[in-house]
Amino acid sequence: MSTNDHTAASAITDDELVMHHYRDGLDHARLQQIDAVLCADAALRARRERLLAVLDAAGADTPPEPDAGFESRLHAALDSRIGAPAAVATFVARHQQSHHRRTRWRLAAAASVVLGVGFFAGRLGTPPLPEPAAPLAVADQEFSARVLAAYTAAHLRATEGLLLQASSTDDPGAAELADALIDSNRLYAEAARAAGNVRLATFLQQLEPLLRELANPSPAADIETEGEGAAAERADLIFQLRATRARLEPQPIRT
Amino acid sequence: MDDHHDDWLQAARQGQPVAFRRLVDTHARPLFKLCARITRDPVLAEDAVQEAFCKAWRGLSGFDGRASFTTWLHRIAVNAALEQLRRNVRHRREDSKQADDDDSPFLDAVEDEAPDPVRHAESAELRCRIEAGMAQLSVTERAAFVMRHCEGESLDAIGTTLSLNTGQSKQAIFRAVRKLRHALQSTRST
């Protein structure tokens with residue numbers, strides 16, 4: 001190799017080799033110069049390979065996968081922050097209720113009631129089209145119904161995630177999530193009733209005591225130990241939530 | 001990506017939350033991984049993802065389509081991740097008596113995660129060294145490097161997202177590469 005080639009290679013910094021690799025941050029003429037020297041200078045090629053090895057090794061920095069509850073928490077948070085769809089929000093604006101706490105129900109009793117209604121709700125098909133307060137095109141009615149169904153399904157998914165979270169850990173975040181879901185639950189129950197879906201509305205109303213129970217966990221001394229029966233009821237409730245959600249969620253578009 | 005992605009995007013830009021939900025389902029996990037690379041903390045990453053989608057929803061009407069939706073969303077997520085880190089540093093400074101060094105939380109994490117090289121295979125040690133090296137980068141270095149190397153963003157885009165000029169973006173990447181190389185050289189010398 002000529003002296004000129006060595007000189008040219010030594011004038012190429014590692015930083016330039018990095019930018020050359022990315023084909024960015026260097027003008028076209030400089031990129032071509034580096035290309036030419038790389039062809040002629042083995043030492044420069046070796047230097048470049050060592051740099052590329054560092055960059056390749058950076059690919060070993062694999063980020064962790066989010067846990068199983070990630071999507072549920074994300075959707076629950078977005079639902080509460082972004083807000084309900086316009087149709088539901090309009091309904092709620094017309095039919096606001098005051099916020100006051102109900103009497104706390106025992107989890108097992110509440111689960112039994114919900115299971116009964118949930119089984120009934122599990123037979124739900126597509127929610128019926130709502131009686132419009134003002135004339136609406138059929139397409140608009142159907143779209144509103146689908147929007148409501150999708151949002152309710154998302155709410156049920158978040159509730160399901162909450163039950164899974166509460167049953168497996170003593171995560172204080174479960175109480176906070178339950179509290180956040182109470183208002184949403186009431187919102188969707190009211191919207192379902194306004195849409196004429198009494199069964200779904202009743203199912204959602206029966207969830208509220210459960211959510212309040214989870215939002216305000218009793219001190220250990222005040223409750224009986226949760227035995228196998230309560231755990232089984234919770235598992236059944238989770239199953240019913242999934243079944244109801246599955247009937248509400250829009251079917252995937254198959255190509 | 002779903003063939004209907006553009007349809008969902010168009011509908012979301014018109015204010016349809018169901019369509020936006022579809023976009024969330026598509027992009028949530030890649031966004032989490034991007035934020036996790038930058039924050040090095042899954043809790044902060046999840047918060048950043050949430051913030052990113054909220055900002056994206058609010059800013060959808062302003063999305064002009066010059067960049068792809070994925071690129072646009074990922075740039076929002078980078079800033080959201082950086083904001084989570086800033087908040088976390090402020091929070092930790094209020095509660096702890098650590099030195100005034102922006103990198104100190106990450107160095108602490110490195111100490112906690114350092115492996116026993118005797119017990120791990122070479123590839124596992126390499127991965128740990130890279131993770132430690134990444135954790136030792138400054139926030140700006142890590143964000144610039146992740147955007148360039150993992151996301152394939154141009155220096156111009158990096159500068160726009162991180163409020164840097166081109167020279168500063170380059171320098172951030174160069175410092176990141178040097179630190180990572182040093183971390184790997186430590187592997188070879190052990």
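Modeller: Buried area is the accessible area (1.4 Å probe) that two parts lose on being put together, summed over both. This is a predicted model, where local features need pLDDT of at least 70, side-chain atom pairs count only at pLDDT 80 or more, and totals for chains, interfaces and linings use all residues. Residues are numbered from 1 along each chain as its sequence is written, chains are lettered from A and ligands numbered from 1 in the order in which they are written, and side-chain values use heavy atoms, with hydrogens and water left out.

Colleague: OK, how much area do chain B and chain A bury between them?

Modeller: About 4,100 Å², with 63% of that on carbon and sulfur atoms. B:Arg21, B:Arg29 and B:Arg181 supply 16% of the area that chain B buries against chain A, more than any other three residues.

Colleague: And how many residues are in contact?

Modeller: On chain B 44 residues are in contact with 42 residues of chain A, contact being heavy atoms within 4.5 Å.

Colleague: How many salt bridges between the two chains?

Modeller: The count is 10. A salt bridge here is a side-chain nitrogen of Lys or Arg within 4 Å of a carboxyl oxygen of Asp or Glu. One of them pairs A:Asp79 with B:Arg21, at 3.6 Å from N to O.

Colleague: Which helix of chain B gives the most to the side that touches chain A?

Modeller: That is α2(B), with 13 residues. Helices α2 (17-39), α3 (42-59), α6 (122-136), α7 (139-150) and α9 (166-189) of chain B each supply at least two residues of that side.

Colleague: How many helices and strands does chain B have?

Modeller: Chain B has 9 helices and 0 strands. Helices (H or I, at least four residues) and strands (E, at least two) are DSSP runs, numbered from the N terminus. Of its 190 residues, 46% count as buried, meaning under 20% relative accessible area, with exposed over 50% and partly exposed in between (1.4 Å probe, protein chains only).

Colleague: Switching to chain A. Which residues of α3(A) are buried?

Modeller: A:Leu31, A:Ile34, A:Val37 and A:Leu38. Down the axis of α3(A) they fall within an arc of 130°, so they line one face of the helix. The arc is that of the directions from the helix axis to the C-beta atoms.

Colleague: What is exposed on the other side of α3(A)?

Modeller: A:His28 and A:Cys39.
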